[in-house]
Amino acid sequence: MKFLLRPTSKQSAALAACLEDHRQLYNAALEHRRTAYRKAGVTIRYGDQSGELKHIRADDPEGQGRWSFSSQQATLRRLDKAFGAFFTRVRQGCTPGFPRFKGRGWFDTVESPRSPGSTEASWMRVGGCSCESSRTRLKAPVES
C-alpha cells in the first residue's frame, strides 16, 4: 500500500534525512559488493550484508543507527533484487545493466515492512504524520 504524506516542515526534514541515510546505505552496500569481487573474487550476498548491519548501526548511532532496522534490511534487499535481475538478464543474453550507484535525485523510496493486514503507517524518528491511502485517511502513530 502506498501513502501520500502531508508532513510538517520538521517531519519533512526528518524524512529527507531518512532517505539520505538509506541512499548512503544502498551505495555503500553496492561498493562493498563491487570491491569484494574485484579484489578477492568474493561474492557478497544479502545475508552477509544484513549480518553486518548491526555493527554499522552500533558504529553510527546518530546516522544509520537512528532508523528502523527492518527498513534498512529492505534497502539491502532492494540492492539484492537489483543484482538478481542483473544476473537473470546475463543468463538470458540480454543487455545486463549492472546495478548503479544512486544519486540524490534517483533514490526516492524507503520501504517500511509491516505486518500483513495492518492499516497503520509509522516512521521512526519522524512522529505522527497525516497520510492518505487510496481508500481511507489515516493518522500515523509515533513509533518509539
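A polar contact is taken here as a pair of N or O atoms within 3.5 Å; within protein, one atom must be able to donate a hydrogen and the other to accept it, and residues adjacent in sequence count only if both atoms are side-chain atoms. The model is predicted, so that local features need pLDDT of at least 70 and side-chain atom pairs count only at pLDDT 80 or more, whereas totals for chains, interfaces and linings use all residues. Residues are numbered from 1 along each chain as its sequence is written, and side-chain values use heavy atoms, with hydrogens and water left out.

The protein chain contains three helices and three strands, assigned as DSSP runs numbered from the N terminus (helices, H or I, at least four residues; strands, E, at least two). Along the sequence these elements follow the order β-α-α-α-β-β. Of the 144 residues, 31% count as buried, where buried denotes under 20% relative accessible area, exposed over 50%, and partly exposed in between (1.4 Å probe, protein chains only). Among contacts (heavy atoms within 4.5 Å) with a separation of 6 or more, 63% are between residues 24 or more positions apart.

Arg57 counts as buried because its relative accessibility is 18%. Its side chain makes a polar contact of 2.6 Å with the side chain of Gln72. With residues up to four places away in sequence not counted, Arg57 touches Gln64, Gly65, Trp67, Ser68, Phe69 and Gln72. Ser50 also lies in helix α2 and, at 11% relative accessibility, is likewise classed as buried. The side chains of Ser50 and Gln73 are joined by a polar contact of 3.2 Å. Under the same exclusion of residues up to four places away, Ser50 touches Phe69, Gln73 and Leu76.

Asp108 is found in the loop between α3 (69-92) and β2 (130-132). Its relative accessibility is 60%, and Asp108 therefore counts as exposed. The side chain of Asp108 makes a polar contact with that of Thr109 (3.1 Å). The C-alpha atoms of Asp108 and Glu20 are separated by 9.1 Å, although the two residues are 88 residues apart along the chain.

Grid points are joined across faces, edges and corners, and a volume is the space filled by probe spheres set on the points.

The second largest pocket has a volume of about 350 Å³. Of its 14 lining residues, Arg33, Tyr37, Thr43, Phe83 and Phe87 are the closest to its centre. Helices α1 (9-40) and α3 each supply at least two residues of this lining, and the largest share, five residues, comes from α3. The lining comprises seven nonpolar, two polar and five charged residues, with Ala, Val, Leu, Ile, Met, Phe, Trp, Tyr, Cys and Pro counted as nonpolar, Asp, Glu, Lys and Arg as charged, and the others, Gly among them, as polar.

The structure holds one cavity of 30 Å³ or more. The largest cavity is lined by Ala74, Thr75, Arg78, Phe107, Thr109, Val110 and Glu111.

Note on methods:
1 Å grid on protein atoms, 1.4 Å probe; cavity = no way out; pocket = protein on both sides within 12 Å on 5 of 7 lines; lining within 4 Å.
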